[in-house]
Amino acid sequence: MHFSPLRYDNMSYHRVGRSGLRLPAISLGLWHNFGAKDSPENQKAILKTAYDLGITHFDLADNYGNGTAEVNFGKLLRAEFEGHRDQLVISTKSGHHFWEGPYGGGPGGGSRKHLIAGLDQSLQRLGLDYVDIFYHHTPDPETPLDETVTALAHLVRQGKALYIGISNYYGERSEEIRKLLKAAKVPCLINQLPFNLLDREAETSGEFFRLQNDDVGVITFSPLAQGLLTDRYLNGIPQDSRAGRPDTCLNEGQITDLVLSKVEKLNRIAEARGQSLAQMALCWNLSLKPVTSVLIGASRPEQIVSNIAGLKKTKFSDDELSKIAEAIL
């Protein structure tokens, strides 16, 4: 596959915390649309479009598509991205329940047994010797944090992961695992957290502030609130939308009159900026420290093109920020 020689001109790259690694302002997550029932040709088109426009970071997890996202991505990586591995940042995660029996995750998903087996399985599905970032996907209250940290540090020293991240960690548990990782000389690179105009817990809980103080990066997922922060729901719930499907985290009950009122106000602000609501939502997300990158999903290549076009206008005036704050009260 031939890629655009101008791909790095379309994207800004931000340093992650105090590391030397830089991530693109927009990263691509493969949570949806890379499963067994999804079109391989569409998957190929999505990845090519993303890379042609400067997205170098692709984010997976062992349980995405019940494992098939890693398999499908690995096939496309070998078939289409030959010679480009060192220009990519590939991340995956383990911790949620994924395989049968007492060692398959969930309770015990932070154990040495689960994490080492989990990454080994992911590398096999991906067809890789290492991933760039390996995340503990979710806190495990049943496993001592020092055991989790020992396993993560072991994987880095084995060369199976270059960096360690955490996901969905907040407050004291987040502080403690970062402290232990630093003591193990495998500092936490990044925390992956849900964050958008309708869900600001990562900011209001103080987690952003603490991560910034510790020079730890943040990558945010669901920046478009599973599609709510687009124009798709301004006139009802389309049949082919996430809310119209039974296999997603978004359901009709979340689309209340109050939420739609906020979305309509935000859409008017976006229009006045000359952006789509989705473009504005991504730029607002990136405007907050210590956000390094926002993680988008895409069902069509055109969505990626539109999202990246929004990066041409990332700055907000004080008046715009005031109107946004009023709209999401």
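View 1. The buried residues of helix 3 are covered by elements including helix 2 (68–80), strand 5 (89–94), strand 6 (131–136), helix 4 (145–157) and strand 7 (161–167). Those buried residues (under 20% relative accessible area, 1.4 Å probe, protein chains only) are H114, L115, I116, G118, L119, S122, L123, R125 and L126. Helix 3 spans residues 112–126, 15 residues in total, and reaches 21 Å from its first C-alpha to its last, close to the 21 Å expected at 1.5 Å a residue.

**View 2. Packing of helix 1 with helix 10.** Helix 1 (residues 40–52) packs on helix 10 (residues 301–309) at an angle of about 20 degrees, and their axes are 8 Å apart. Helix 1 is therefore roughly parallel to helix 10 (angles under 35 degrees). Their crossing is right-handed. N42, A45, I46, T49 and A50 of helix 1 meet P301, I304 and V305 of helix 10 (heavy atoms within 4.5 Å). The residues of this contact comprise 6 nonpolar, 2 polar and no charged.

View 3. S12 lies in the segment before strand 1 (13–15). Neighbours within four places in sequence aside, S12 is in contact with L23, P24 and A25. The C-alpha atoms of S12 and R22 are 10 residues apart along the chain and separated by 9.4 Å.

**Notes.** Residues are numbered from 1 along each chain as its sequence is written, and side-chain values use heavy atoms, with hydrogens and water left out. The model is predicted: local features need pLDDT of at least 70, side-chain atom pairs count only at pLDDT 80 or more, and totals for chains, interfaces and linings use all residues.

Methods: Helix = DSSP H or I, 4+ residues; strand = E, 2+ residues; numbered from the N terminus. Expected span 1.5 Å × (residues − 1). Buried < 20%, exposed > 50% of the residue type's maximum accessible area, 1.4 Å probe, protein only. Axes fitted to C-alpha atoms, helices over the stretch in contact; angles between N-to-C directions. Parallel < 35°, antiparallel > 145°, perpendicular 65-115°, else oblique. Left-handed = near helix turned anticlockwise from the far one by under 90°. Nonpolar A, V, L, I, M, F, W, Y, C, P; charged D, E, K, R; others polar.
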